[in-house]
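Hi there,

Here is the structure I promised to pass on. Have a look at it first, and then read my notes below.

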Amino acid sequence: MTDNTSDIKPWGGRFSEPTDQFVERFTASVGFDKRLYHHDINGSLAHAQMLAKVGVLTDDEYRQISEGLEAIRGEIERGEFNWSVSLEDVHMNIEARLTERIGITGKKLHTGRSRNDQVATDIRLYLRDEIDSIAAELTRLQKGLCELAAREADTIMPGFTHLQTAQPVTFGHHLLAWNAMLGRDYERLMDCRKRVNRSPLGAAALAGTTYPIDREMTAQLLGFDGATENSLDSVSDRDFAIEFTAAAALIMTHLSRFSEELVLWTSAQFNFINLPDRFCTGSSIMPQKKNPDVPELVRGKTGRVNGHLISLLTLMKSQPLAYNKDNQEDKEPLFDTIDTLRDCLKSYADMVPAITANAEVMREAAMRGFSTATDLADYLVRKGVPFRDAHEVVGKSVAYGIDSGKDLSQMTLKELQQFSNVIEQDVFDVLTLEGSVNARDHIGGTAPAQVKASAARGLTVLSERN
């Protein structure tokens, strides 16, 4: 065994030999959990204030601890703090520095709590703040989508199923489909936040504490909605991290679908839209290339977040109550999920408002593929033809169009009437692209007026978010 006495372990009393240096590095988490310092200090301040209130600390001891912790926060933020691997984690590093600064009083801070409830509290505080930050980026992206949708409410494009031309829609309507996905994502985040926002502080190692603590006080001081109910569950629960990561994976899945369409639409084969140059890169060998790197990278990062979800589920699946060292492995996947999701949302929130549509190309594409065939079938039904018969009539009309190289709207009345004698001159009102999109004039429909109204409703909802 190797000796390392540079830092005295706060739990070292029952051990007869120092920790092996490799084991120190292997078991330490300070390399990644030091990002929790702000929330760790806030949790300690609330805990100390509560201990003073119930008489475990004197007012002077609370003052020393409070001033010492704020001084340490300043050291960390100025880059002056010396993080020690031998002290294992952010909690022990801060506590050891506090004792170094204020003496024996610093050793009293940990009264009535454990690292088990301390880390559970820190992660919840941290994740709560990050959810708020992510929700703000999500809202910014949705605002960009709604504003762009309103501008492009009249821009006709083909709607697809199976990536085959189906019916004409508008670009604005398509953008609002993405917004609808993100709206559900926002609701899931806010619902997840409710379960994040419960305080485990005071559960101690697993069974609570014999000190006369006030858990509701610390919960209130830290902005929690209340204290958790069961001490065993409080220290070992990571459902909130899994739930957040699941919500993040679904947001990333939506962004990935969004990305796939952007990548397709910027290709020479589609040429539906243009992305601003600042969100694209070139080729090292082909000078003509403009690559949609941001959408491609977002699409790729989706797998990363999906992997973190599986990692966290697997981490927790066989753990007995209460806390186990396995739980140290929750932070890296959670932290990377947070960072990845926030960055992807930020890139899209910056990029989307600058997307421009190639309206004529979109319109020309909508003219191909007999996109108004369903409108012709609906027209026949309104004339009294049973739908299945109407479907067959339109199928024969399309087959004729394929052979003759004509779209339905390009056929003469006489040509159309060879398939059904109920077809009259008014059929051309529904066979045009404008007639098709305007005919679906209901909530959620493609009519430009409905698209603009939906975008306006969306912007109103977004403006009301706190």
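**Two helices crossing**

Let's start with a pair of helices: α7 passes α19 in a left-handed crossing. Keep in mind as you read that this is a predicted model. Two packed helices are described by the angle between their axes and the distance between the axes. Here, α7 (residues 171-196) and α19 (residues 448-463) pack at about 35 degrees, and their axes are 9 Å apart. On the α7 side, the contact is made by Gly172, His173 and Leu176, while α19 brings in Val451, Ser454 and Ala455. Sort the residues of this contact by type and you get three nonpolar, three polar and no charged.

**Helix α5, end to end**

Next, find α5, which covers residues 90-102.

After the helix comes Gly103, which has a positive phi, near 85 degrees.

Which residues of α5 are buried? They are Val90, His91, Met92, Asn93, Ile94, Glu95, Leu98 and Ile102. What covers them includes the helices α2 (30-33), α3 (37-53), α4 (59-77) and α6 (115-151).

Most residues other than glycine have a negative phi, and most peptide bonds are trans.

- Leu163 isn't a glycine, but its phi is positive, near 60 degrees. You'll find Leu163 in the loop between β1 (156-161) and β2 (164-170). Its relative accessibility is 53%, so Leu163 counts as exposed, the cut-off being over 50%.
- Ala204 isn't a glycine either, and has a positive phi of about 60 degrees. This residue sits in the loop between α7 and α8 (215-221). Is Ala204 buried or exposed? Buried, because its relative accessible area is 7% and the cut-off for buried is under 20%.
- The peptide bond from Leu321 to Ala322 is cis, with omega near 5 degrees. Look for Ala322 in the loop between α11 (293-316) and α12 (331-351).

Happy exploring!

Key: Residues numbered from 1 in each chain as written. Predicted model: local features only at pLDDT ≥ 70, side-chain atom pairs only at ≥ 80, totals over all residues. Heavy atoms only, no water. Helix = DSSP H or I, 4+ residues; strand = E, 2+ residues; numbered from the N terminus. Expected span 1.5 Å × (residues − 1). Buried < 20%, exposed > 50% of the residue type's maximum accessible area, 1.4 Å probe, protein only. Contact = heavy atoms within 4.5 Å. Axes fitted to C-alpha atoms, helices over the stretch in contact; angles between N-to-C directions. Left-handed = near helix turned anticlockwise from the far one by under 90°. Nonpolar A, V, L, I, M, F, W, Y, C, P; charged D, E, K, R; others polar.
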